[in-house]
Amino acid sequence: MLNTLLFAVLPYVAVVLFLLVSIHRYRKEPFTFSSLSSQFLESRQLFWGSVPFHIGLVLLFFGHLIGFLFPSQVTMWNGVPVRLFILEASGLIAGLLTLVGLVGLIVRRLGSARLRINTSSTDIGVYLVLMVQIVTGLWIALGYRWGSAWYTHTAVPYLWSVARFAPEIERVVELPLVARIHIVGAWTFVGLFSFTRLVHLLVAPVPYLWRPVQLVIWNRERRHRRPGN
Amino acid sequence: MDVRAQVSMVFHLDKCIGCHTCSVACKNVWTDRRGAEYMWWNNVETKPGTGYPTGWEDQSKYKGGFEKKEDGLELRAVGKVRGALTVFHNPNFPVIDDYYEPFTFDYQNLFDAKEGADQPIARPVSMITGKPMEIESGPNWDDDLAGSKHYAAHDPNLANVSAEEREALFDIERLVFFYLPRICNHCLNPSCVAACPSGALYKRGEDGIVLLNQERCRAWRFCVTACPYKKTYFNWSTGKSEKCILCYPRLESGQAPACFHSCVGRIRYLGMVLYDADRIEQVAQTEDHDLVDAQRSLILDPNDPKVIADAKRNGISDDVIASAQRSPVYRYVIEWGLALPLHAEHRTLPMLFYVPPLLPVMAQKSENGHYDTTHDDFLGSIDQYRLPLQYMASMFGAGNEAPVRYALRKQLAVRYYRRAVTTGDIPQEQADRLLKEAGCTPEEADRIYHLTALAPFDDRFVIPPMHREEAIEMLDEPLEAKGFAGMGIRKRPERGA
């Protein structure tokens, strides 16, 4: 029963929340879309937190995504021990980077009165969920070798089954407790995502790369574009 | 020729008395809010000095503005590639301590303190944390050369001034300074707009006011780095950048911006100018030496029939063109050549122009150590002036002395001329000769005198019709937009989750 709730119901609740709240918030509350950068109040320590945290997290995200999209290729890659070792080491390094960054960010935030005053409860929630995810992730990587090998035929088929609206929870319920916490934590993260400052990821300014440099906005149409003028 | 209109400004520094009324007017209207306490969209600095934020002119630290590269202009620190590399931590981003920690005082203690041997005091309290704090800096900390050894001596504009001149400057440091009021320059080639990855910053087409859409800003913070004048500010509470909006709601209802309206010294002028947008890119790449003249060449003669025809073709209405013809800015910047852009070398083409101050030497220390106030000549010559011309040139001439010299000479000639006219203690021939040397006619001198010294309200502020009604007309149902002032957000700007 609990397993059904956590592995078959929670995913859909999380994804629906993610979609609906993000869209609603983008349309109705655009003012709240911000990375809420705190560099202005503290810059020196931020470097040692923010940079490893973001780089690590981006690498981890794409690592999980590649495993999800191309499980058989990942399995093939892992066929040669050296390559498995490279993949695992990269994942571990990314995880450690993220951990170091996150710890740095938390220490920084606790240590500065200016930042404490500027910390919301959702910030604390984000820190908690991310910390659980990173600790359990590292634990899996170190304690249940080799994660990249068994991820592709346990969690990945489970994720695909969720995507097909026919969740096969038996693929994950027998996994070690740490791995199950990691999966439940991931769904919690997805569900909370759009309530937090993490939404800045959804508005990452990629179009800037091909946008014209200057931006001029006209309040009214310029008359020469109108017919008869 | 792509003729566009720009609300443009002139600040006459010879008239500024450094009273900060403009700053306070702006503060009361716009930045008296949480997260914005430290912001002074309008501030007044003492020069020489390091200003606000401290040392803002030092681009080796803040990396603002554009650099001229072989294949065109490039933002100094941010932009497409370097911005992507520094998005997680921006090394050239000023922090609050570069400005100052905003403070108030615990006045309640004056009423509530228990009876004791000492008088109760109102301790300073941080407006960020609410905790007691030591005040270490403020928005005009080096006002009137306070602490000049720490501040004025580090003015970046002194870099090109010779050691002798520097020594002479600080020998009489208690005597020489002037004020530099600063607001957003509403540049023609704004580096903040070029740096904003979200597209939140934009230039308004009709009047050229540079605005920042609070609903699109995502706190990537590149605008703050990119602006060489440090006139975009980051609100630490809402997580959004903010900047001077040139009081556009006031302009749209025919009023001068708050800082202009409140100016006690009447140093501020505002008016429309027409310019050629096709040439912006080319002009912004001119060599430093010719940059000031090139920038002024962008501004078009509003009485030229060809310009008028092109302006009309671009949808600029007749009353806006008429307003540009009356513009005091056009007089100062183009007709008289008296007003110059501040730090044009950053290539943002600022549209706020400054009339450089004369600062004549009225007294000198004689050999016996007394101050000698009698002068052979009424105001002396420009080269004896207390702030070296090279200092002025690094601020107002992009390093070139010629336009600064021209502006100062003409001002001086007008003063001699008016002195001759009103008091008669200067020979008319001398006044005429100086006018001629400065390239000025008596008629022009009278006009300069009139707009500088008399300057009625409606001559200083020629506010163009902003035609908000046309923006409303674009909507299907004009009545639905009734009551909208174009202010954008109509709810409290609360910090996002």
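**Helix contact in chain A**

In this predicted model, Phe7(A), Pro11(A) and Tyr12(A) of helix H1(A) are in contact with Tyr158(A), Ser161(A) and Val162(A) of helix H8(A). By residue class, the contact of H1(A) with H8(A) comprises 5 nonpolar residues, 1 polar residue and no charged residue.

**Geometry of the H1(A)–H8(A) pair**

- Helix H1 of chain A covers residues 2-28, and helix H8 of chain A covers residues 155-163.
- The axes of H1(A) and H8(A) lie 11 Å apart, and the two helices pack at an angle of about 55°.
- Because of that angle, H1(A) is classed as oblique to H8(A).
- The handedness of the crossing between H1(A) and H8(A) is right-handed.

**Overall make-up of chain A**

- Chain A contains 9 helices and 1 strand.
- Read from the N terminus, the order of elements in chain A is α-α-α-α-α-α-α-α-α-β.
- The C-alpha trace of chain A extends over about 70 × 50 × 40 Å along its principal axes.
- Of the 229 residues in chain A, 41% are buried.
- Among contacts in chain A with a separation of 6 or more, 77% are between residues 24 or more positions apart.

**Confidence of the prediction**

- The average pLDDT of chain A is 92, and 96% of its residues score at least 70.
- Residues 223-229 of chain A have a pLDDT below 50, and this stretch makes 9 contacts in the model beyond near neighbours in sequence.
- For chain B the average pLDDT is 89, with 89% of the residues scoring at least 70.
- Strand S16 of chain B (residues 364-365) has the lowest confidence in that chain, with a mean of 63.
- Strand S15 of chain B (residues 352-355) has the highest confidence in chain B, at 98.

**Cis peptide bonds**

- In chain A, Arg145(A) and Trp146(A) are joined by a cis peptide bond with an omega of about -5°.
- Trp146(A) is located in the loop that runs between helix H6 (121-143) and helix H7 (147-151) of chain A.
- In chain B, the bond between Tyr52(B) and Pro53(B) is a cis peptide bond with an omega of about -10°.
- Pro53(B) is located in the loop between strand S2 (43-47) and helix H2 (59-62) of chain B.

**Positive phi angles in chain B**

- Asp144(B) is not a glycine, yet its phi is positive, at about 50°.
- The loop that holds Asp144(B) lies between strand S6 (124-126) and helix H6 (163-171) of chain B.
- Asp144(B) has a relative accessibility of 40% and therefore counts as partly exposed.
- Leu246(B), also a residue other than glycine, has a positive phi near 50°.
- The loop that holds Leu246(B) lies between strand S11 (240-243) and helix H9 (248-252) of chain B.
- The relative accessible area of Leu246(B) is 2%, so Leu246(B) is buried.

Note on methods: Residues are numbered from 1 along each chain as its sequence is written. Chains are lettered from A and ligands numbered from 1 in the order in which they are written. This is a predicted model: local features need pLDDT of at least 70, side-chain atom pairs count only at pLDDT 80 or more; totals for chains, interfaces and linings use all residues. Side-chain values use heavy atoms; hydrogens and water are left out. pLDDT is the predictor's confidence in each residue, from 0 to 100. Contact means heavy atoms within 4.5 Å. Axes are lines fitted to C-alpha atoms, for helices over the stretch in contact, and angles run from 0 to 180 degrees between N-to-C directions. Helices (H or I, at least four residues) and strands (E, at least two) are DSSP runs, numbered from the N terminus. Angles under 35 degrees count as roughly parallel, over 145 as roughly antiparallel, 65 to 115 as roughly perpendicular and the rest as oblique. A crossing is left-handed if the near helix is turned anticlockwise from the far one by less than a right angle, and right-handed if clockwise. Ala, Val, Leu, Ile, Met, Phe, Trp, Tyr, Cys and Pro count as nonpolar, Asp, Glu, Lys and Arg as charged, and the others, Gly among them, as polar. Buried means under 20% relative accessible area, exposed over 50%, partly exposed in between (1.4 Å probe, protein chains only).
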